[in-house]
Amino acid sequence: MPPRPVGSRPTLSLVAKTAGTSVPTVSKVLRGGTDVSAETRARVMEAVRAVGYTRRAGAKSDGVRDESGLSNVLDLVVTHFEGSWANLLIAGVGREAAAAGLDVVLTLAEPHSDWVSRVLRRRTVGTIGTLIDPTSRQFNALSAAGVPVVLIDPMSTPPSGVASIGVANWDGGRMAAEHLLSLGHVRMGVVAGHARHLFSRARVDGFRAAADTATAGSATVSVVYGGWNRAKATTATHALLDSDPGVTGIFACSDPMALGIYDALEARGLRIPEDVSVIGFDDLPEAQYITPGLTTVRQPSTELGAAAVKLLIELSRGEDGGARSPVRMELATELVVRASTGSAPAAAAPRR
């Protein structure tokens, strides 16, 4: 591919030349057209990536728009709809979108599905993505087509220029550790999600940092991975206690995984919090209803969805101030104390 002049903006013509196709075909792919072969579509999108082409947000002239000039729909792209956290997030997106006169289309991003073409054909005001890998080729296609994008707590570092919004995950992990430390726990465990997820790593790092700082390194923190899944968290908790039977406080990086910890402790005949204290992360409705009630770090899930809509509308209207750096917003987390945490046992004898 011949080098382009320094400072010049990649064009559709350059994409077409690189892909070995025509400008109308490139344009059709970026509009989500269905009468393009999968092979041609893949070739065009690879060329888009190679030359770094992005259409300016707001450059689309077609689609259903209201008197304000905005499209009347936005897309919420998720990998699954199940679970209380997803429901709370969707509620926040739906309420804020309705207040802005927008309808929400829920788009399921299944592996190997061409969901991005469906989004492009709708000419939405923009896309909110959650539980999506922001480095995927499909997701990059939205930016190339000039569709404003806001990612909610991305799993990995977003592409250049992509806005994201999340919660103070590191600070939440810190608060969890400080709470357990204040109760006298110095042998602690963490049941984390996936090691590659940014928000999981941040929660673990915050927890470790607080433990190291408060005790000058005398506290121990053992980390296992439960994959954001109750059953996997149960298995991970058994592995944690097998390797470190003296653990008296466990931090789960999500409330569903905390339920898995409850299951494992019950199976081992251990009481909460008399033998082991448990703290979660989310403050889902289940946290109040289980026995004992779960101490947890609250993330404002509904508010997160609403804030993502507000940010997306600002981006679609060009109200981001023209900043070159990607927008990153964080909402505060807070500790909610219930009955699952208590003072560390006076003498923590090894247990099986």
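Contact here means heavy atoms within 4.5 Å. With that in hand, residues 24 or more positions apart account for 74% of the contacts in this protein with a separation of 6 or more.

Before I go on, two housekeeping sentences. This is a predicted model, so local features need pLDDT of at least 70 and side-chain atom pairs count only at pLDDT 80 or more, while totals for chains, interfaces and linings use all residues. Residues are numbered from 1 along each chain as its sequence is written, and side-chain values use heavy atoms, with hydrogens and water left out.

Okay, the overview. We've got 12 helices and 12 strands; those are DSSP runs, H or I of at least four residues for helices and E of at least two for strands, numbered from the N terminus. Of the 352 residues, 51% count as buried, and buried means under 20% relative accessible area, with exposed over 50% and partly exposed in between, using a 1.4 Å probe and protein chains only. The accessible surface comes to about 15500 Å², and 53% of that belongs to carbon and sulfur atoms. Those areas are from the Shrake-Rupley method with a 1.4 Å probe, and for residues only the protein chains shown count as cover.

Now the inside. In soluble globular proteins, nonpolar side chains tend to be buried together. By nonpolar core I mean a set of buried Ala, Val, Leu, Ile, Met, Phe, Trp, Tyr and Cys residues joined through side-chain atoms within 4.5 Å. Which residues have the most contacts inside the largest core? They're Leu74, Ile128 and Phe207, in a core of 65 residues. Helix α12, residues 301–316, supplies the largest share of this core, 8 residues. There's also a second, separate core of 29 residues, and Val26, Val36, Val48 and Leu120 are among them.

Leaving out residues up to four places away in sequence, Phe207 touches Gly173, Arg174, Ala176, Ala177, Leu180, Met188, Val190, Val221 and Phe251.

Several of those names take us to helix α7, so let's look there. α7 covers residues 169–182, and since 14 residues at 1.5 Å a residue should span 20 Å, the 20 Å between its end C-alpha atoms agrees. The expected span, by the way, is 1.5 Å times one less than the number of residues. Buried in α7 we have Asn169, Gly172, Gly173, Met175, Ala176, Ala177, His179, Leu180 and Leu181. Just after α7, Gly184 takes a positive phi of about 95°.

Next, α9, residues 230–243. This helix also has 14 residues, and from first C-alpha to last it reaches 20 Å, close to the 20 Å expected. At the N-terminal end there's a cap: a side-chain oxygen of Asn229 lies 2.9 Å from the backbone nitrogen of Ala231. For polar contacts, I'm taking pairs of N or O atoms within 3.5 Å; within protein, one must be able to donate a hydrogen and the other to accept it, and residues adjacent in sequence count only if both atoms are side-chain atoms. The buried residues of α9 are Ala233, Thr234, Ala236, Thr237, Leu240 and Leu241, and they pack against β6 (187–192), β7 (220–225), β8 (249–252) and α10 (255–267).

That brings us to β8 and its partner β9. The two run parallel, joined by 3 bridges, where pairing needs DSSP to find at least two bridges. Is β9 enclosed or open? It is largely enclosed by the rest of the structure, because 6 of the 6 residues in 277–282 are buried. In a regular strand the side chains alternate between the two faces of the sheet. Here Ser277, Ile279 and Phe281 point one way, with Val278, Gly280 and Asp282 going the other way.

In the loop between α10 and β9 sits Pro273, and the peptide bond to it from Ile272 is cis, omega near 0°. Asp283 lies in the loop between β9 and α11, and its phi is near 65°, positive in a residue other than glycine. At 17% relative accessibility, Asp283 counts as buried.

Last stop, β3. Thr130 is in this strand, residues 127–130, and at 1% relative accessibility Thr130 counts as buried. Then comes the loop between β3 and α6, where we find Leu131, a non-glycine with a positive phi of about 60°. At 21% relative accessibility, Leu131 counts as partly exposed.
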